[in-house]
Amino acid sequence: MLVYVLRNMWRRRARALLTVLGIVVGIFALTVLGALSARLNQQVRGAETWFTSKISVVPSGSGLFGGSDRYLELSKADEIEAVPGVKSAVAGFGLLLSDQSTGFGAPELIVGTELSKAQDLLNLIDLDRGRILREGDEGRVVLGSTLAEKFEVEIGDAVELRGRDFEVVGIYAPTLSAPDGFAFVSYRDALDLFREVNPYFQVRDIAATIDVIPEEGVDAEELAARIEEGVGGIKVISPSEARKQISQFSLIFNAILLGIGFIALVVGGLSIINTMIMSVSERTREIGLKKAIGAETGSVLAEYLLESAMIGFFGGVLGVLAGLIAVRFLNGATSSSQVTVFSVTPMVVVGPVVFATFLGTAAGLFPAFRAARLKPIEALRED
């Protein structure tokens, strides 16, 4: 039956081709946006792993990703560490690696942290090679995977950060999220760099964030509530609150993806319905002849459903191929900046094809039932 259906499509190839092209456009957009959404979701999952493994403390009025120009006094770290259940409270300070925008994704940062207390924090990311920072490592740096690739450095090399040379002692494994673009240095180095970059901005020993590691067996949510209650002038972001804030970033893109899917559903579906109705009308006598010589209703129904499904399948395959070519081209255009905007996953490749095939089958239901219910004598009488 498949060969027969393909032959019928070839007999009306101009119309079938135009219908397929209509589906290709929708599936192309679905594939490209799906790859964009997949990349965003990778970053969201990576960010969740980093931010939900600890309790984040920021200045009042600020959020998980900043949002205010306030800072915390270093003494707040000591106050937090005195709360029962806190294993360590590590003051951190960050500044942009460059004043130029890094484009898509999280900004590249120089992240300073108190090395005397940061071992648990720095071990939250898997190390690819070298070692993590330890107390006394002023002038040394551990790079995220993206920065290591960008600077083309290995363990023992020197790398220039904001005009100062640092020795690379470690490189983290890829997380596909924000820490890939971080350069971890000592708190004192980061603060000194900030003062050099902003000579007219007098700052004391301050912290932008304080990362809290709970003692083993302590509930992080309950501990976050105790810290907020016991220490004033701070905002505490528990792991569940961090997860909530991070997930909001992916909602917009997923909503856009669903919108494109709906448009593809309407446009592609109407095109297939129109094509199949025209096909049934043109082949009414042929259908009547088939039923007159014994063709069963089920075989006629299957024939038209298979034809509409094939139109959806071909449109899906061609749309995905066009989308993958576009994704490869766009990722290649941004690769020199170590920026990956799109990610191709099995779902990005298989999902649109399955969706288009289902769409074709569903859109062909009405014309197929119309053809299957034709009575042989009435069909043969039609011109």
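Predicted model: local features only at pLDDT ≥ 70, side-chain atom pairs only at ≥ 80, totals over all residues.

Biologist: Is strand β9 (residues 182-186) largely enclosed or open, and why?

Modeller: Buried means under 20% relative accessible area. Five of the five residues of strand β9 are buried, so the rest of the structure largely encloses this strand.

Biologist: Which way does strand β4 (residues 109-113) run against β9, parallel or antiparallel?

Modeller: Strands β4 and β9 run parallel. Five bridges join them.

Biologist: How many bridges pair strand β6 (residues 140-143) with β9, and in which sense?

Modeller: Two bridges, in the antiparallel sense. Here Leu143 stands opposite Ala183 in β9.

Biologist: Now the charges. How many salt bridges does the count come to?

Modeller: A pair counts when a side-chain nitrogen of Lys or Arg lies within 4 Å of a carboxyl oxygen of Asp or Glu. By this rule there are 14 salt bridges. One of them joins Glu154 to Arg129, with the closest N and O atoms 2.8 Å apart. That pair links distant parts of the chain. Glu154 is in the loop between α5 (145-151) and β7 (158-161), while Arg129 belongs to strand β5 (residues 127-130). The two residues are 25 residues apart.

Biologist: What separates Asp192 and Arg195 in helix α6 (residues 187-197)?

Modeller: About one helical turn, because they are three residues apart in that helix. Their side chains meet in a salt bridge at 3.9 Å, N to O. Asp192 is partly exposed at 25% relative accessibility. Arg195 is partly exposed at 30%.

Biologist: Which residues are linked in a network of salt bridges?

Modeller: Arg131, Asp137, Arg140 and Glu167. Within it, Arg131 forms a salt bridge with Asp137, and their closest N and O atoms are 2.7 Å apart.

Biologist: How do I class Arg131 and Asp137, as buried or partly exposed?

Modeller: Go back to the 20% cut-off. Asp137 has a relative accessible area of 3%, so this residue is buried. Arg131 has 21%, so Arg131 is partly exposed.

Note on methods. Residues numbered from 1 in each chain as written. Heavy atoms only, no water. Buried < 20%, exposed > 50% of the residue type's maximum accessible area, 1.4 Å probe, protein only. Helix = DSSP H or I, 4+ residues; strand = E, 2+ residues; numbered from the N terminus. Pairing = 2+ DSSP bridges.
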